[in-house]
Each structure stands twice: as structure tokens, then as C-alpha cells.
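Please find below a colleague's note on the structure under review.

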Amino acid sequence: MHLINNKKLLSFMVSESDNSIAVNNPATGECIGYAPITSKDEILDAIERSKLAQQSWAEQPAKARSAVLQQWYQLLLDNQDDLARLMTLEQGKPLAEAKGEVMYGASFIQWFAEEAKRTYGETIPAPSGDKRLLTIRQPVGVTAAITPWNFPIAMITRKAAPALAAGCSMLIKPAEDTPLSAFAMAELAYEAGVPKDLLIIVLGKQAAEVGDIFTTHPTIRKLSFTGSTRVGRLLMQQSAGDVKRTSMELGGNAPFIVFDDADIDSAVAGAMVSKFRNAGQTCVCANRFYVHSKVYDAFVSKFDTAVRALKVGNGMQEGVNIGPVINQAAKNNIQSLVDKAIEQGAEPTSSIEELAGLYLQPVILKNVKHNMDIVSQEIFGPVAPVICFDTDEELIEMANDTIYGLASYFYSQNVHRVWKVAEALQYGMVGINDGIISTEVAPFGGVKQSGIGREGAKQGIDEYMDIKYLCFGGN
Ligand code: ADP
């Protein structure tokens with residue numbers, strides 16, 4: 001941990017014991033530190049403390065909450081390099097991407113610091129002359145979040161920043177693979193002036209134990225989750241008991257479509273960033289490519305050239321584009337999807353080299369058919385299956401033939417087709433001639449089994465506010 005200059009970021013760290021979790025560097029397998037485990041009683045106590053903290057936080061003017069968030073944002077920028085190194089050490093992504101994520105994560109804090117001041121209500125024209133109607137918006141109260149390992153900072157700020165801006169408190173359970181970034185972020189929040197009981201990071205012995213408390217404790221009025229559809233479903237079921245509000249950012253199965261009128265070079269550039277960022281471990285990653293038969297060979301050949309140039313290695317090394325995947329289970333799953341696809345007739349564009357540790361060689365698979373498992377399942381790795389299509393009708397049917405509906409992408413220069421396809425795709429987000437769509441100013445979220453709710457944008461704060469309708473009679 002000599003790579004982290006600001007030792008305050010690591011002040012949460014504990015030594016090895018039954019009450020700590022060892023965090024390993026996926027690039028080397030080495031243990032890089034221990035994060036504290038919170039016992040059940042401590043979590044229950046934290047919920048009570050967070051309730052009190054929330055009440056006084058909500059009483060503060062929005063401008064005061066905004067100022068604290070602005071300061072938190074600034075501290076992320078000031079500590080960008082340290083946070084990025086910590087993230088690469090525990091998560092594996094290339095350092096340049098980790099630095100990008102710190103900025104991306106920080107952008108949500110800045111955005112919601114601004115939005116805190118704009119949680120307007122409405123006046124409503126009354127149906128009768130003696131009444132005056134209006135709405136005010138109030139914080140939901142004590143909230144909780146469960147976050148994944150693929151974006152250890154941004155998945156937290158997308159939830160914590162709007163929650164705090166709205167006047168809520170939040171307890172966060174980060175992923176067990178990447179808790180260090182979460183604790184470090186919280187240290188910066190406290191330094192910025194966020195009360196310690198307002199934003200609390202908890203790690204249980206088991207994720208399910210924390211999930212049970214978050215979904216059944218009556219004080220917690222809302223749960224925001226990012227992770228798999230399987231766990232999301234479970235948490236929604238558990239939350240039904242006391243009709244808790246939930247936001248769900250779940251799995252995706254993004255189609256990446258290249259029409260015959262596309263600019264192929266630009267489609268290849270988009271495919272590279274969409275597919276291979278974070279070694280293919282993002283929920284908006286292109287999962288399956290549909291390329292028109294007229295441009296199939298041209299696209300695959302240019303895509304292949306670009307993929308061969310990718311450098312796989314430890315994310316701390318200069319020039320590395322693809323780091324390790326997060327753990328052995330992930331690697332096994334990706335490899336078995338590839339093996340099965342090859343058995344079913346898919347062809348890799350180059351021979352696949354077995355890499356040691358958690359590394360995987362990026363692969364393009366040709367001659368993939370829409371009904372293969374690799375097309376219907378989320379790959380979450382550096383593998384690009386490419387399917388050939390002929391008509392727009394057939395394409396739309398295949399693109400929508402999934403339980404998921406998070407991100408989708410297509411490349412076309414024909415304005416009529418652009419509108420038609422954009423409207424026909426059953427997805428929460430559509431990248432049109434663009435492979436990177438995430439930004440704090442636009443609403444991120446899915447339809448179908450990819451989730452409920454939106455993060456970022458002006459809508460993001462709504463997830464943490466209740467609308468109260470006031471009816472004034474006798475006027
Ligand atoms: P992934 O496949 O990306 O790891 P998961 O849905 O398994 O997705 O994990 C996302 C987050 O959900 C992690 O923080 C993980 O610890 C947590 N999690 C996993 N299982 C449960 C559960 N039963 N209850 C609550 N949280 C869980």
C-alpha cells in the first residue's frame with residue numbers, strides 16, 4: 001500500500017482476524033489489505049444512528065447540503081491518483097480507466113450537489129375555487145445501497161450523492177471483492193463535512209445477511225441495488241414484506257448492431273470501447289454483435305485488427321488495455337461460454353491462448369448463431385460474438401429477444417432507419433453511432449428485467465424523494 005500517498009484514505013484498514021475480509025489483487029493474487037466486517041448488532045446500531053443523522057441533515061437548507069457535496073467532489077479530484085491506484089489494485093482495471101472512473105464517479109457528486117438546490121414542487125390548478133393544491137418533495141429518509149465490484153466508486157456515488165442531496169442518509173454495502181475504494185470514499189466524505197452517521201459503509205460476514213437487514217428493517221425506507229438480475233429479484237421479493245421502495249440496476253445483454261450503411265471505422269472504434277472497457281465487465285458492454293451480411297467481412301476484419309493490438313496485463317503497467325477479470329469463478333464462466341459456442345460451431349478469428357492467473361485473451365467469435373448460449377447470457381468478459389443478419393425486421397426481433405433491456409447500440413447513417421430502430425429497440429438506453437453513452441447528465445437505467453429506476457440526470461434524485469400533495473381547503 002506504499003502506492004497510496006494519502007494514508008488517511010486507508011485509515012479504516014484493520015489487520016487480519018475473524019472480523020476482517022482479505023482483499024486480493026486480481027492481477028497478482030496478493031492480499032493488499034483487510035477491510036472491517038460489521039456484525040449484525042453493529043449494523044442495527046448503525047441504522048439507528050443513521051436515522052438521527054438523517055433528521056438533522058434533512059433540516060439543513062439544500063444550499064448547505066450542496067456545499068458539503070461540492071467539497072466531497074473536490075476531495076475526489078484532489079485524491080484522483082491515489083483513489084485510482086487503490087481501485088486498480090483491488091479491481092484490476094487499467095490505471096487510466098481507474099482514473100477515468102474517479103472523474104466519472106466524482107461527476108455524480110458535482111451534478112447532485114447542483115440538483116440538491118432544484119428539488120422543486122408544483123402548484124396545481126384546483127378543480128374548485130375554494131381549494132389551493134400544491135406538491136412538495138421530501139427526502140425518503142434512511143436509505144440503503146448494495147453495490148457491485150465492477151465500478152467500485154461510480155456505483156456508489158450514483159446512489160450516495162443523490163441520496164445525500166435529497167436529505168437522506170445511506171448505508172452502503174460494497175462488493176466483498178472491492179470494499180477498499182468504498183471505505184476510502186467515505187473517509188473523503190467525512191473530511192468534506194458529511195456526518196459520520198449519515199453515510200455508513202458496512203460489510204457483513206455474508207452479503208445475504210446484510211441484504212436481509214436492509215430489506216426487512218422498518219427504518220430503512222428504500223434500497224438501491226446494482227448487480228445481477230438474480231440477486232435483484234431476490235432483494236425485490238424480500239423488500240415486498242414492508243413495501244420498501246427499490247431501485248434496481250440489473251444485468252444487461254446489449255446488442256451492438258452494424259447496418260450496411262454504417263461508417264465501419266467508426267463502428268469498430270465504438271465496438272472496441274463498448275466491448276473491451278473494464279475487460280468486458282460492465283452491464284452496458286456490447287454482449288452480442290449483429291452485422292449486416294454486406295459489411296460482415298469488412299467489419300470483422302477491421303475489428304480483428306483492433307483486437308489483436310490490445311495489450312493484456314497488470315493494470316498498473318503503462319499501455320495495458322485489458323486487466324485481469326475479477327475472480328476465478330468469472331474466468332471459468334467466460335471460458336465455458338466460449339468453449340460451448342465453439343462446440344456449437346462458432347469460430348475464433350485467432351487461436352485462443354491460455355493465459356495464467358485471471359487473465360483472458362480477448363476473442364472475437366465469427367459464425368455465431370442467435371440461438372447460442374453465448375448470445376442469450378451475459379458474458380461479462382473480453383469476448384465478442386458476431387452474428388450475421390440480412391433484414392431490419394429480423395434484426396429487431398433478434399435484438400429484442402432477451403429478458404434484458406439495459407443498453408443497446410447501433411451504427412447507421414440513414415436518418416429514417418435511425419429513428420425507426422431507435423424507437424423499436426426495447427432498451428432503456430440506445431447509443432446511436434456511439435459506443436460510450438454513460439454520463440452523469442443523462443438518465444441511466446433499464447427496462448424489462450434490467451431494472452427499475454434511473455440514476456444520474458435530473459431524474460436520479462427522484463429516487464430518493466417522496467412527493468407530498470398538500471390540499472388547502474376553505475379559501
Ligand atoms: P455480480 O455477479 O456482479 O457479482 P451480484 O448480484 O452477485 O453480482 O453482486 C452484486 C452485489 O450484491 C454485491 O455487493 C454482492 O455482495 C451482493 N449480493 C450478492 N448476493 C446477495 C444477497 N443474497 N443479498 C444481498 N446482497 C447480495
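1. Strand β9, residues 245-249, is joined to β17 by 2 bridges, and the two strands run antiparallel. In this pairing, Glu-249 is found opposite Gly-451 of β17. The model is a predicted one, and the values discussed in this note should be read accordingly.

2. The pairing of β9 with β17 belongs to an open sheet of 6 strands, ordered β7-β6-β5-β8-β9-β17. The pairing within this sheet is mixed. Its edge strands are β7 (199-201) and β17 (451-452), each of which pairs on one side only. In general, the strands of a sheet pair through backbone hydrogen bonds, in either a parallel or an antiparallel manner.

3. A further antiparallel pairing links strand β1 (residues 20-24) to strand β2 (residues 31-36) through 5 bridges. Here Val-23 faces Gly-33, the latter in β2. The two strands form a hairpin with 6 residues between them. Within the turn, Gly-29 has a positive phi of about 85 degrees.

4. Which residues come nearest to the ligand? Of the 17 residues around the ligand, these are Thr-147, Trp-149, Lys-173, Glu-176 and Ser-228. By residue class, the shell around the ligand comprises 10 nonpolar, 5 polar and 2 charged residues.

5. Several distances to oxygen atoms of the ligand deserve attention. A backbone N or O atom of Thr-147 is 2.7 Å from a ligand oxygen atom. For Lys-173, an N or O atom of the side chain lies 2.9 Å from an oxygen atom of the ligand. The corresponding distance for an N or O atom in the side chain of Trp-149 is 3.1 Å. The ligand taken alone exposes 550 Å², of which the protein buries 77%.

6. The elements giving two or more residues to the shell around the ligand are α7 (207-216), β8 (220-226) and α8 (229-239).

Notes
Residues are numbered from 1 along each chain as its sequence is written. This is a predicted model: local features need pLDDT of at least 70, side-chain atom pairs count only at pLDDT 80 or more; totals for chains, interfaces and linings use all residues. Side-chain values use heavy atoms; hydrogens and water are left out. A residue is near a molecule or strand if one of its heavy atoms lies within 4 Å of it. A polar contact is a pair of N or O atoms within 3.5 Å; within protein, one must be able to donate a hydrogen and the other to accept it, and residues adjacent in sequence count only if both atoms are side-chain atoms. Accessible areas come from the Shrake-Rupley method with a 1.4 Å probe; for residues, only the protein chains shown count as cover. Helices (H or I, at least four residues) and strands (E, at least two) are DSSP runs, numbered from the N terminus. Ala, Val, Leu, Ile, Met, Phe, Trp, Tyr, Cys and Pro count as nonpolar, Asp, Glu, Lys and Arg as charged, and the others, Gly among them, as polar. Two strands pair if DSSP finds at least two bridges between them.
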